[in-house]
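Work through the exercises below with the structure open. Each task is followed by its solution in steps.

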Number of protein chains: 4
Amino acid sequence: MIIVMKPNSTAAEIGAVIARIQKAGASPHPIYGVERTVVAVVGETRAVDPKAFLQMPGVEKITSISAPYKLASRESHPDDTVIRLNGITIGAKELVVMAGPCSVESRTQLMETAHAVKEAGAQILRGGAFKPRSSPYSFQGMGLKGLEILAEARETYGLYIVTEVMTPQAVPMLAEYADILQIGARNTQNYGLLHAVGRVQRPVMLKRGMMSSMEELLMSAEYILAGGNYRVMLCERGIRTFEKYTRNTFDLNAVPVLKQLSHLPLIADPSHGTGRWDAVPAMARAAVAAGADGLMIEVHPNPAEAFSDGPQSLKPERFADLMQQVKRVAESVDRALSTVPEPA
Amino acid sequence: MIIVMKPNSTAAEIGAVIARIQKAGASPHPIYGVERTVVAVVGETRAVDPKAFLQMPGVEKITSISAPYKLASRESHPDDTVIRLNGITIGAKELVVMAGPCSVESRTQLMETAHAVKEAGAQILRGGAFKPRSSPYSFQGMGLKGLEILAEARETYGLYIVTEVMTPQAVPMLAEYADILQIGARNTQNYGLLHAVGRVQRPVMLKRGMMSSMEELLMSAEYILAGGNYRVMLCERGIRTFEKYTRNTFDLNAVPVLKQLSHLPLIADPSHGTGRWDAVPAMARAAVAAGADGLMIEVHPNPAEAFSDGPQSLKPERFADLMQQVKRVAESVDRALSTVPEPA
Amino acid sequence: MIIVMKPNSTAAEIGAVIARIQKAGASPHPIYGVERTVVAVVGETRAVDPKAFLQMPGVEKITSISAPYKLASRESHPDDTVIRLNGITIGAKELVVMAGPCSVESRTQLMETAHAVKEAGAQILRGGAFKPRSSPYSFQGMGLKGLEILAEARETYGLYIVTEVMTPQAVPMLAEYADILQIGARNTQNYGLLHAVGRVQRPVMLKRGMMSSMEELLMSAEYILAGGNYRVMLCERGIRTFEKYTRNTFDLNAVPVLKQLSHLPLIADPSHGTGRWDAVPAMARAAVAAGADGLMIEVHPNPAEAFSDGPQSLKPERFADLMQQVKRVAESVDRALSTVPEPA
Amino acid sequence: MIIVMKPNSTAAEIGAVIARIQKAGASPHPIYGVERTVVAVVGETRAVDPKAFLQMPGVEKITSISAPYKLASRESHPDDTVIRLNGITIGAKELVVMAGPCSVESRTQLMETAHAVKEAGAQILRGGAFKPRSSPYSFQGMGLKGLEILAEARETYGLYIVTEVMTPQAVPMLAEYADILQIGARNTQNYGLLHAVGRVQRPVMLKRGMMSSMEELLMSAEYILAGGNYRVMLCERGIRTFEKYTRNTFDLNAVPVLKQLSHLPLIADPSHGTGRWDAVPAMARAAVAAGADGLMIEVHPNPAEAFSDGPQSLKPERFADLMQQVKRVAESVDRALSTVPEPA
């Protein structure tokens, strides 16, 4: 941590800053420059709250040196985290594909989709039973009934299940039905929920909020890791910007940058990242070329009838075509698609 | 709702759109233009999901005509909502001021602050007992002990209490201690929480998320109103932009625009809106001049020692000075500061 | 400048950084911490390009300490800059008001508007003769003919003229007709143009770009000041964000922050800052309460017929009403409206 | 165009809107709904300014139906535009690569870089002779001398030249030296400059501004096309967002979306799109996988000594490696790298 003093700060003000650093158990290193003085803080700096200095007389600004996350950082854990489900791995050479509808709408709809995505080569079935909707008048999900349908699809087709959990209370129940618990973009900083999924033994896919910085995403992952659940994967799904031709701006820069900063696997969701089905295949290819460890794709047997996210859902035949394209791109970057699992 | 067809859409495609509108129980009105056809949808349009049409062949885009919120709109409720606590009103001519520390840190800290803000003319004491923090390693609040200290301050100084609630489970307990329940900016779209506060009989202050549009804020208010709790006030506290000299960009445009669109009272929070104590007085004045119904201001007896939000907290003497400034601006726009309450 | 080394950087890498700093003529101060080393750079740091170090082995990041602008900073010029025209001042206690149409459309339209804004108490007439338009098919301004009409209005009504200049070549001509040259928001970083207005003896009003940070705005002002023209005023007119209910997000935080950082006068433009005439009076009041030194307001005798910016233009009677409101708010913050000038 | 009336609009207000549409030469089609009336405008709608209606009594909002660009749209020109230089094509199956330093700094630096990028397979040499810099104290480019060095490199190595033009006056001179004129991101809406390059016979590469929407980029292209220069290529180079770990947010969504909306070739610039050399190869691969027609990459023989953009520049050996990676990805999407040209 570096404390930058104002150009006209007094010796007394500098002295007070130094004393405060010492009181916190760290070591101050003042550097007297031509225009101004800066004080570097060395030692146990995590005990020193940077913001506290901003109100001290003569202080102009504070600069942090260390990243605020630790368990999520590659510094603390240089090797890639690989999450193992029975028969597949997430974060290793093989890419996983999660596909399925935004919402479970009916048994027929889900089973039909599950069959199609399995045929096309996906390993994991997505589908929301509890849906966060911006309007209280929109379809809110089938709830428990939806979970039961997902469980049936798992058994019938041998697919893993990823589904969203929205409240801390629901975590234990969801953890029974799902192979992967999803934290949605609106809950990236719902700390009660992060706390709750940190205490169960289920892999968690943490989506980046539409206005979360990469640092905040890693800090939210830190909550889950600090709770004791180390099987966390991140998901880039687009951020909010001024651009209006797409629903979100898919920030694929996050792929190389997060892979450098963190050891956690990274999934890319081009369906939400674009909001337009006609841009999904191109951006799925791009995500794989950039180095993502997996994809999450919305597929619906009849997107025009979907209860939610129809505009960004692919028809099964288009999804099958996407899988062929992605396979070729994966090979061009020395990756491969995961094979279809045979769960116990 | 208006469905815009592509320039080269066929009669069959237009026919399919018309049929689908009729099936949903609404009336289609096709208009055949020189370059393209548009189909207006009239009647029970809320039953028709606009996005469903985007996947139909020949459709280019969809435009909504009506606002998606209803109970929150001024159309449905032309008169201003006025929230009454014993002795004060929120949303009428008199402005309320909520002031206090970001977090309750100790009995001494809170009682000292409560005394100071009461002396300066505030009516409502703010203070967090449960804190949403981006780092799992930061101070998370005093919890129940903090609530008890808040209750003591209420009794001693005759101030109302506003405090944040973070999980649905905590709502009943918080509703016992607080006069106003605050939904924080990270929870603006935490639908489980909105649902829960919609079912208690406590006024709710809903903060705009740093990523929420005004429309989304009104949709979140709609959740609470639809749950049966009509005592909702909105709070503008800054949005996230590219600007780095301030913590957030305080969107005071929201004051006149939300007051036009909605009947709900609107509080402005210049402490979060700027993130800099040295900009708080100017922006408090601006918020009142723009037409806000109240202010929320962070005050701390010793900001340099604050556990959180020190950089944006005012010392008590600066807060007293701000109150004098605000009083004059309020009078210049024919408003007045609320008098200090004498709660039962 | 602070150079932060990676946790595992070697002594050789640190040595290379130190050598490079010395070669540039500055003094390196290495600080060896528990986790990592940082090297502070002292002395003639402006000669050292911070970015150059980012490619050196072992370097993690660079932090600048000093602001990159100098002439525009309050540090270098503690007193407020006051720009004097004959009979009025900009940046002193009295507020100036610039009002008029977006574009000069005809002699009748301009003269009628000039008469109205003078009656209402404005001192400066705005009106574009050369218009930057996002479409090549939109009205591009009346050009020279528009300037002549502005000149006539000045003589008839005793108003100063502010008008936009778009290309370096046009600067000398515009400087003959205008009392203040306006650099528009799309040209905030048009360095050729900044260079050109830095060499004439006319006050310049520099608008913040919709994409410019406050720092970039001050750097653009620095271009003009460095050219030798010290009569520069800044203008906040809204930035681009995700919010869609307003044309721009009016960043009034810029008022207190820029007034702290810089000595230059600051004008606020609520017409562009909101894009909605019905929000202009509220935000004009807010800007004055926040401490702006003046206002720029679009006024049109018949906004529904305006060639440009109709939605944000006020009718003359609404502008007169706004002036009354603004006058009261100005007095509440110990400012006053400038009197109407009597130019030579 | 659709004019949406307020719910309580009167028959007289609707009548006035209808009359105004007729006066403009278009046909009004009112549709009387349950909650409100909308008026569709059919026929010569380009003559009708949508914004003019926003000030009419009873009008709530206006929705445009047609895109505001015409010559740039794929509707008006369904086939891909292919720009031919002697021996290479831009916008066809083969991808072009533009590589070189941000700025021409010396003859040695440029010739060394030219040799390296040619060896690695690039066809076009980039290098700025006139540089837009945010600080007046930074290196502003070598000017004419830089152009002469570029011309020598072209002759020596058989590479095409792309370089930036910053002012309308400089267009003719630059057009003599450059094979492609670049409009930089800060000048995307510098209409005087767009006008000037629309009147020369040189291909133009138009960069997207850091806060330009895709629609605004296409409107700026429209200026050049409307001037008579049809050889325009677009360039995605990142937009400004709240994310701080990268210099810009590289919006690769623009690749599939702009290719659908427009027939113009699209180049991707991952150097500016990320601002970090260590993310450039991943994002170059991603851009090609998404469907870009070419790449622009910053290469410098010694990035740590670069006068500008060092942090995002690749060393020659890393660039050669990138070319190998890109080649494989290109093949996986049925594209190929262009061969090295043999200019006349």
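**Exercise 1. A helix pair**

Which hand does the crossing of helix 2 of chain D and helix 3 of chain D have, left or right? Describe the packing and the residues in contact as well.

Solution. The model is a predicted one.

Step 1. The two elements are helix 2 of chain D, residues 107-120, and helix 3 of chain D, residues 144-157. Their axes lie 10 Å apart and form an angle of about 35°.

Step 2. The crossing of helix 2 and helix 3 of chain D is right-handed.

Step 3. From helix 2 of chain D, the contact takes D:R107, D:L110, D:M111, D:A114, D:H115 and D:K118. They face D:I149, D:L150, D:A153, D:T156 and D:Y157 of helix 3 of chain D.

**Exercise 2. A sheet and its helix**

In what order do the four strands of the open sheet in chain C lie? Locate the edges and the helix that packs on the sheet.

Solution. 

Step 1. The order in chain C is 2-3-1-4, with antiparallel pairing.

Step 2. Strand 2 (26-32) and strand 4 (59-63) of chain C are the edge strands, each pairing on one side only.

Step 3. On average, neighbouring strands of the sheet are turned by 20° against each other, direction ignored.

Step 4. Strand 1 of chain C, residues 2-5, runs antiparallel to strand 4 of chain C and is joined to it by four bridges. Opposite C:M5 stands C:V59 of strand 4.

Step 5. Helix 1 of chain C, residues 11-23, packs on this sheet and touches strand 1, strand 2, strand 3 (37-43) and strand 4 of chain C. The direction of helix 1 makes about 155° with that of strand 2 of chain C.

**Exercise 3. Chains A and D**

What rotation superposes chain A on chain D?

Solution. 

Step 1. Chain A is superposed on chain D by a rotation of 180° with 0.0 Å of shift along its axis, at an RMSD of 0.0 Å.

Step 2. The two copies are therefore related as by a two-fold rotation axis.

Step 3. In chain A, the C-alpha nearest the axis belongs to A:A286, at 2.0 Å.

Step 4. Both copies use the same surface, as 100% of the contact residues of chain A recur in chain D.

Step 5. Chain A gives 35 residues to the contact and chain D gives 35 residues. On the chain A side, helix 6 (214-226), helix 7 (254-261), helix 9 (280-290) and helix 10 (316-332) each supply at least two residues. Helix 9 of chain A has the largest share, six residues.

Step 6. The side of chain A that touches chain D divides into 18 nonpolar, nine polar and eight charged residues.

Notes: Residues are numbered from 1 along each chain as its sequence is written. Chains are lettered from A and ligands numbered from 1 in the order in which they are written. This is a predicted model: local features need pLDDT of at least 70, side-chain atom pairs count only at pLDDT 80 or more; totals for chains, interfaces and linings use all residues. Axes are lines fitted to C-alpha atoms, for helices over the stretch in contact, and angles run from 0 to 180 degrees between N-to-C directions. A crossing is left-handed if the near helix is turned anticlockwise from the far one by less than a right angle, and right-handed if clockwise. Two residues are in contact if their C-beta atoms, placed from the backbone, lie within 7 Å. Ala, Val, Leu, Ile, Met, Phe, Trp, Tyr, Cys and Pro count as nonpolar, Asp, Glu, Lys and Arg as charged, and the others, Gly among them, as polar. Two strands pair if DSSP finds at least two bridges between them. Copies are superposed by least squares on the C-alpha atoms of residues with pLDDT of at least 70 in both.
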